[in-house]
Amino acid sequence: DGVVVATLFARDDVDRVGVWDPDAGARKFCCSVDMARRGVCDRDEIGRLVVRRRRDGTTTTPWTTEIWFEGDDVEAKSDVQAVSVRETGMYYMWFVVCDPDHAGVTVRGRTLWKNPDGYLPGAKTALLPFYGVAAMAYLGLGFAWSMAYARHWRHVLELHNCITVVLALGMCETAV
């Protein structure tokens with residue numbers, strides 16, 4: 001039996017997951033008995049992921065949930081959970097195993113992220129206006145090219161056909 005902790009947090013809150021262990025000289029994500037004894041983490045966090053919440057209440061991250069595995073199960077007995085993220089920004093999702101008996105466990109799975117504008121990644125959403133302008137520019141260029149192509153169809157070379165294909169592919173790419 002074992003548990004995997006899934007945690008979702010904003011990039012600015014990365015320092016809120018785990019604690020600095022001065023004796024180890026590194027950041028530790030799971031609280032041990034020795035760390036609790038030295039006051040690095042609380043006693044009620046022993047064997048669990050250490051997550052520090054903001055005191056001012058301005059954010060809901062880090063969000064955590066426990067996913068339990070029983071016996072020889074290779075799939076979690078967990079319902080799909082939706083987390084609403086209210087703040088714009090870059091987010092990380094980590095899966096952490098704190099049980100030393102399960103060291104080296106590999107977690108595979110799938111997460112689905114939906115932005116207010118759809119399933120487009122957040123980093124690409126800001127580029128939508130650029131791609132809109134580029135698609136309109138290709139449309140105008142394609143129209144002008146088609147008119148010139150039709151007007152001079154008797155003198156068209158293979159090079160002109162290649163230019164037409166490049167314009168069509170560019171239009172399709174920016175539209176998609």
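Modeller: Let us start with a charged pair: the side chains of R37 and D34 meet in a salt bridge, with 3.4 Å from N to O. The general idea is that a salt bridge is a side-chain nitrogen of Lys or Arg within 4 Å of a carboxyl oxygen of Asp or Glu, and by this rule the count comes to six. This is a predicted model, in which local features need pLDDT of at least 70 and side-chain atom pairs count only at pLDDT 80 or more, while totals for chains, interfaces and linings use all residues. Residues are numbered from 1 along each chain as its sequence is written, and side-chain values use heavy atoms, with hydrogens and water left out.

Biologist: Where do R37 and D34 lie?

Modeller: Both residues belong to helix α1 (residues 33-37), three residues apart, which is about one turn of the helix. Helices (H or I, at least four residues) and strands (E, at least two) are DSSP runs, numbered from the N terminus.

Biologist: What does the salt bridge between R48 and E66 tie together?

Modeller: The side chains of R48 and E66 meet at 2.1 Å, N to O. R48 lies in the loop between α1 and β4 (63-69) and E66 in strand β4, so the pair ties together parts that are 18 residues apart in sequence. R48 is partly exposed at 42%, and E66 is partly exposed at 31%. Elsewhere, salt bridges that share partners join D21, D23, D34, R37 and R38 into one network.

Biologist: How should I read a residue such as T7, and what is T7 in contact with?

Modeller: Contact means heavy atoms within 4.5 Å. T7 lies in strand β1 (residues 2-10) and is buried, with a relative accessible area of 0%. Leaving aside neighbours within four places in sequence, T7 is in contact with V17, L49, P62, W63, T64, Y92, M93 and W94.

Biologist: Which residues make the nonpolar surface patch?

Modeller: Patches are made of residues with over 30% relative accessible area and no salt bridge, where like charges are joined within 9 Å and nonpolar side chains (Val, Leu, Ile, Met, Phe, Trp, Tyr) within 5 Å. Here F95, V105 and V107 make a patch of about 230 Å². V105 lies in the loop between β5 (91-96) and α2 (122-125) and is partly exposed at 42%.

Biologist: Where is confidence lowest, and where is it highest?

Modeller: pLDDT is the predictor's confidence in each residue, from 0 to 100. The protein chain averages 81, and 91% of the residues score at least 70. Confidence is lowest in α2, at a mean of 75, and highest in α3, at 88. Where pLDDT is low, the predicted coordinates should not be read in detail.

Notes: Areas by Shrake-Rupley, 256 points an atom, 1.4 Å probe, with all protein chains shown as cover. Buried < 20%, exposed > 50% of the residue type's maximum accessible area, 1.4 Å probe, protein only.
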